[in-house]
Amino acid sequence: MNPIHSMPAWAAVPVALLLVLGGAIAFIGALGLVRLPTFYQRIHGPAVIVALGAGCILAASMLYFTVLQHRPVIHELLIGAFLLMTAPVVAMLVTRASVYRDLQSGKRSPGGPGEVYRPPDERDGH
Amino acid sequence: MTTLLALAIAFAMTCLVLAMLLCAVRLLVGPSAQDRVLALDTLWMCCMLLALLMGMRFGSAVYYDAALLIALIGFASTIALAKFLARGEIIQ
C-alpha cells in the first residue's frame, strides 16, 4: 500500500535527484557548522541548508505530491517563502547579538568584530 | 524506478539525521552561547525537512502541517533566544 509504487518513472527520476541533492547539501551545511573555526564563519553553514537544501527538498515534495494526486500541489511554497523571509532576519539578529557579546567581553578573535571595529570607549584612548 | 525513489528518500533521511547529529555535537561542544543558538536553529531546520521527507515516505499530508508548525515555532524561538543573547531579556 506504499504510495511510492504508484509513481511513474518520468517523475521518479527528477524527484530522486532533487532529494539526493537536498540531503547532501543539508549534510554539507551541518558539516560546515561543526568544522569551521570561528562563529562568524560558522553562521554560513545554516544559510546553505536554508537556501539550497530546503529548496531542493521542498521542490521534490511539490513535484511528488503533484504527480501522486494528479493535481497541482503548491502549498510547500508557503514554507519556502516563510523560510526565505525569516532566514536573513535570524542570521542578522544572531550575528548582531554575537558582535555585541564579543565587544562586551573584549574578545579578539581573528576576523571577528574586535579587529574590524573597536568599542567607543577604547577608541577614545588612542 | 520506484526502488530508486525509495532509495533516494532513505538517503536524504540518513543525510538529515547525520546533519542533526552534527548540530547536536555543536550544541553540546559549542564554546559560546551564540554557537548553541545557531546549532539549535539548524537543528529545527533539519527536523522540519525530515518531517517533509516522512510525509513523502508515507504519502500523508499530515506531516506538511507538522513541518509548517515546526518552522513557525522554530523561527519565534530563535528570535527570542537571539534577543535574549543581545539584551539579557526577551520582553522589555
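The contact between the chains takes 47 residues from chain A and 43 residues from chain B. Two residues are in contact if their C-beta atoms, placed from the backbone, lie within 7 Å. This is a predicted model: local features need pLDDT of at least 70, side-chain atom pairs count only at pLDDT 80 or more, and totals for chains, interfaces and linings use all residues. Residues are numbered from 1 along each chain as its sequence is written, while chains are lettered from A and ligands numbered from 1 in the order in which they are written.

**The side of chain A that touches chain B**

- On this side of chain A, the elements giving two or more residues are α1 (9-35), α2 (39-42), α3 (44-69) and α4 of chain A. Helices (H or I, at least four residues) and strands (E, at least two) are DSSP runs, numbered from the N terminus.
- α1(A) gives the largest share of the side that touches chain B, 16 residues.
- By type, the residues on this side of chain A are 35 nonpolar, nine polar and three charged. Ala, Val, Leu, Ile, Met, Phe, Trp, Tyr, Cys and Pro count as nonpolar, Asp, Glu, Lys and Arg as charged, and the others, Gly among them, as polar.

**The largest nonpolar core**

- The largest nonpolar core has 59 residues. Such a core is a set of buried Ala, Val, Leu, Ile, Met, Phe, Trp, Tyr and Cys residues joined through C-beta atoms within 7 Å.
- A residue is buried if 20 or more other C-beta atoms lie within 10 Å of its own, exposed if 12 or fewer, and partly exposed in between; C-beta atoms are placed from the backbone.
- Ala26(A), Ile57(A), Leu16(B), Ala19(B), Cys46(B) and Leu49(B) have the most contacts inside this largest core.
- At least two residues of this core come from each of α1, α3 and α4 of chain A, and from each of α1 (2-29), α2 and α3 of chain B.
- α2(B) supplies the largest share of this core, 13 residues.
- Leaving aside neighbours within four places in sequence, Ile57(A) contacts Leu19(A) and Gly22(A), along with Ala12(B), Leu49(B), Leu52(B) and Leu53(B).

**Chain A**

- Chain A has six helices and zero strands.
- Of its 126 residues, 31% count as buried.
- Among contacts in chain A with a separation of 6 or more, 53% join residues 24 or more positions apart.
- The average pLDDT of chain A is 85, and 83% of the residues score at least 70. pLDDT is the predictor's confidence in each residue, from 0 to 100.
- Among the elements of chain A, α1(A) has the highest mean pLDDT (93) and helix α6 (residues 120-125) the lowest (56).
- Where pLDDT is low, the predicted coordinates should not be read in detail.

**Two loop residues of chain A**

- His70(A) sits in the loop between α3 and α4 of chain A. His70(A) is not a glycine, yet has a positive phi of about 55°. His70(A) counts as exposed because it has 7 C-beta neighbours inside 10 Å.
- Pro37(A) lies in the loop between α1 and α2 of chain A. Pro37(A) is exposed, with 10 other C-beta atoms within 10 Å. The C-alpha atoms of Pro37(A) and Gly106(A) are separated by 19 Å, although these residues are 69 apart along the chain.

**Chain B**

- Chain B has three helices and zero strands.
- Its radius of gyration, taken over C-alpha atoms, is 16 Å, well over the 12 Å that the globule rule gives for 92 residues, so chain B is more spread out than a compact globule. The globule rule is 2.2 Å times the number of residues to the power 0.38.
- The C-alpha trace of chain B spans about 55 × 30 × 10 Å along its principal axes.
- Of the 92 residues of chain B, 42% count as buried.

**Helices of chain B**

- Buried residues of α1(B) include Leu5(B), Cys15(B) and Arg26(B). Their cover includes α1 and α3 of chain A together with α2 of chain B.
- In α3(B), the buried residues include Tyr63(B), Gly74(B) and Leu85(B). What covers the buried residues of α3(B) includes α4 (76-105) of chain A and α2 (33-58) of chain B.
- Gly88(B) follows α3(B) and has a positive phi, near 85°.
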